[in-house]
Amino acid sequence: MKNYCILYILLCFLSCSKNEQIEKEVTNKSDEKYEKVINELLSKMTLEDKIGQTNLRGTSSRAKTLSEELKQQVREGKVGALLNVMKTEFVDELQKIAVEESPNKIPLIFARDVIHGFKTMFPIPLGMAASWDEDVARTSSRVAAIESSSVGIRWTFAPMLDIARDSRWGRIAESPGEDPYLASILGKAYVEGFQGDSLNDPTSIAACAKHYIGYGAAIGGRDYNTTIISKPLLHNVYLPPFESALNAKAATVMTAFNEINGIPATGNQYLLKDVLRDKLKFDGFVVSDWESTIEMIAHGYAKDEKHVAELAANAGLDMEMTSKAYENNLKTLIEEGKVSEDQLNEFVKNILRIKLRLGLFETPYRDATNEAKFYEKLHLEKAKEAAIKSTVMLKNKGVLPLAKTSKIALIGPMANAPLDQMGTWTFDGEKEKTITPLDAFKTANINYNYVAGLSHSRDLSKKEFKKSVAMARTSDVIVFVAGEEAILSGEAHSRASIDLPGTQENLIKALAKTGKPIVLVIMAGRPITITNIIDDVDAVLMSWHPGTMGGEALQEILFGLSEPQGRLPISWPKTAGQLPYFYNHKNTGRPANREDYVAMYDIPIGAWQSSLGNDSHYLDVGYTPHFPFGYGLGYTSFKYNKIEVSKDTIRFNEDIIINVTITNTGKRAGKEVVQLYVQDIVGSITRPVRELKGFQHITFEPGETKEVSFILSSNALKFTNHESVKAAEEGHFNVWIGPHSASGLKSTFYLKD
Ligand code: GLC
């Protein structure tokens, strides 16, 4: 059985080519069959039965017993899906009641937040975004699906596709970063991994594209807060990852907590009908977020629970998570004619369609022989690989990789933090399985001494400073593992300052006085402002919260067995005061520039008011991030030679080829993430100064030169204007190919109508 499983898993990982035509025919045929089943079922269902399908009931995953009340609700057909039922015997018992005793014998869907792993924890999604590698996304979600489905979970509330431009926002940890192109590639891959080649495979779980939409645009980075998003911004930045996930057949969508331009997402007819159904042709079902329906009262958009149900139903919400506005009011609203039974029928059809596609009618029970495949060797290897590919090296003044013989002082609150290393949304990962940096050093026969220095990331004490400094003095190099506990990012965990918490900076500065080189490793759920200490350290590695295998991944990178391969999926600010900051910003009428900028402490005393360059910058921190989107160092170096475009002018629906030659100028083989950016210089609405339109992972031997080519379609130059018309426009374009968003070789071309 085991070998079969490994073979099966390998097959799932291999990107075996599908025969699109056959797949399409099979899908159409099965959908025709499903629609027939759905209509037959619907014709037998009472109003109460239909309303029952729209109810997602939450239970505490800590529940030791199964309430009789919940069993009775299931028996009466009042529940369509369940969240957080974690005992497999409860899953089996509840499904048996639904399938054998409820009025229409409709199976339940069991849901869980399987966000970046189930038992084997992968890096947090922001970390996996730093890999710029769709295989990392696809593999992590495939492993998560295999592990979670083995205990009866068939629906996950992932991938989270919220574009984030503000690192103060706690949920940036779960996000795919600031760029819609990268997020779209990752979103598709996550859906493919969760849902596998066929949704009715017992190891497939329904994906949920969330949080629809604009959740990451919360004012001030304050979670759940107000968003103001123009239609061009919605269509050009926030929607593309969802479009990509839906094109990959994501089975469900979850509405966001926030309001957009005054209308909460959960009651937003434009978003749920005009965009999601009419424009994107979504045929799965939409679930609210946790009580986001009744929160429309707090928003000041609904008068009471009954009004909530009316607004959500008329907007097109299919299923209500944990609150009971639908259960308590839909029947009355239909009797009063405020909601039609046809609308309710549509909700039920959407829900039944996904249950049918999941194969729950044929196979409602989990495969008890499909024993839990937790922490399989292959899963752990993939988790380590993901952690390596996600690690971003931000600085290296010749100190990395370390010599194996180096005597290391391993210090810091995250050097042995098995729970926090896994990051937010670690519901089922077990800290006992985590390999911390300390664990890895122990087993890798490293010559080291260890002292925590601080007991946790928020530790305000200095009682271990002396001991830490004394130990550092006897070592060749200090590896300081800093960061945030997992609780300091994730839902509802926004921070106004994103410095290292506690007295971590103080300890780093005390250690710097020893004169020993310091390698700063950061484990956190967001970029951390390190402006105050960057000059005190010789190297910086961003590990994010790297998951179960983070310690081994770090050890391999520190000693050069692997190269840090990550590139920033989010601009790294100098200070929180710069936020929100994002690379694909507009030029403004007064773009900041080097010539005009006078740093605050260089301003002459009594300077004339307009003598400082009236441009869009900060006097104190200037106008650039600490590290730009796309940035990351490796263990070798590259030189980008000449850039060439295949044509000076291209017409609509034509492609243009852009070439560069790149040389590995270092002594080690290495991998470069070669990035392609364009700028639409003049548009009917202003356009970003740069937009990512392609990237390639290219490996080079020492001294090797390679030609790297990008084929850019003119379709990639389309954007949506205020009239919601998506089109490319004639005009001049800049194009760059380079190692990140603030550099690269530049050329131009003209797009002619
Ligand atoms: C939470 C989150 C959402 C999650 C849901 C169920 O409030 O916003 O992402 O999937 O509730 O746990």
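## A walk through the predicted model

Let's start with a sheet: three strands form an open one, in the order E17-E19-E22, and their pairing is antiparallel. Strand E17 (638-645) and strand E22 (705-713) are at the edges with a single partner strand each, so each has one side left without a neighbour in the sheet. From one strand to the next, the twist averages 20°. Strand E19 (residues 655-664) pairs with E22 in the antiparallel sense, over nine bridges. If you want a spot to look at, find Ile 662, which stands opposite Lys 706 in E22.

The protein chain has a mean pLDDT of 95, and 96% of its residues reach 70 or more. The start of the chain is another story. Over residues 1-9 the pLDDT stays under 50, and the model has eleven contacts beyond four places in sequence for them. Residues 11-16 also have a pLDDT below 50, with eight contacts in the model beyond near neighbours in sequence. Where pLDDT is low, the predicted coordinates should not be read in detail.

### A parallel sheet

Another open sheet has five strands, in the order E4-E3-E2-E1-E10, and here the pairing is parallel. Which strands stand at its edges? They are strand E4 (155-156) and strand E10 (320-321); each has a single partner strand, so one side of each is left without a neighbour in the sheet. Strand E1 (residues 55-58) and E10 run parallel and are joined by two bridges. Leu 56 has Met 321 as its bridge partner in E10. As background, strands of a sheet pair through backbone hydrogen bonds, either parallel or antiparallel.

Now for a helix that is mostly covered: in H20 (residues 550-558), eight of the nine residues are buried. Among them are Gly 550, Gly 551, Ala 553, Leu 554 and Gln 555. Glu 556, Ile 557 and Leu 558 are buried residues of H20 too.

What do the buried residues of H20 pack against? On the helix side, they pack against H16 (377-390) and H17 (437-443). On the strand side, they pack against E14 (477-483), E15 (518-523) and E16 (539-542). Just after H20 comes Gly 560, which takes a positive phi of about 80°.

Strand E16 has a further link, as it pairs with E11 in the antiparallel sense over four bridges. In this pairing, Lys 395 stands opposite Val 540 in E16. Strand E11 (residues 392-396) is itself mostly covered, with four of its five residues buried.

### Two helices that cross

Two packed helices are described by the angle between their axes and the distance between the axes. Take helix H9 (residues 231-238) and helix H10 (residues 240-247): their axes come within 5 Å and cross at roughly 50°. From H9, the contact is made by Leu 234, His 235, Asn 236, Val 237 and Tyr 238. H10 brings Pro 240, Pro 241, Phe 242 and Glu 243 to the contact. The residues of this contact of H9 with H10 divide into six nonpolar, two polar and one charged.

Most residues other than glycine have a negative phi, and most peptide bonds are trans. Here are some exceptions to look up.

| Residue or pair | Feature | Value |
|---|---|---|
| Lys 210 and His 211 | cis peptide bond | omega about -10° |
| Leu 579 and Pro 580 | cis peptide bond | omega about 5° |
| Trp 425 | positive phi | phi near 55° |
| Ser 724 | positive phi | phi near 60° |

Where do they sit? His 211 has its place in strand E5 (residues 208-212), while Pro 580 is found in the loop between H20 and E17.

Trp 425 is found in the loop between strand E12 (408-411) and H17. Is Trp 425 buried or exposed? With a relative accessible area of 15%, Trp 425 is buried. Ser 724 lies in the loop between strand E23 (719-720) and strand E24 (726-727). Its relative accessible area is 35%, and Ser 724 is partly exposed.

Key:
Residues are numbered from 1 along each chain as its sequence is written. This is a predicted model: local features need pLDDT of at least 70, side-chain atom pairs count only at pLDDT 80 or more; totals for chains, interfaces and linings use all residues. Side-chain values use heavy atoms; hydrogens and water are left out. pLDDT is the predictor's confidence in each residue, from 0 to 100. Contact means heavy atoms within 4.5 Å. Buried means under 20% relative accessible area, exposed over 50%, partly exposed in between (1.4 Å probe, protein chains only). Two strands pair if DSSP finds at least two bridges between them. Axes are lines fitted to C-alpha atoms, for helices over the stretch in contact, and angles run from 0 to 180 degrees between N-to-C directions. Ala, Val, Leu, Ile, Met, Phe, Trp, Tyr, Cys and Pro count as nonpolar, Asp, Glu, Lys and Arg as charged, and the others, Gly among them, as polar.
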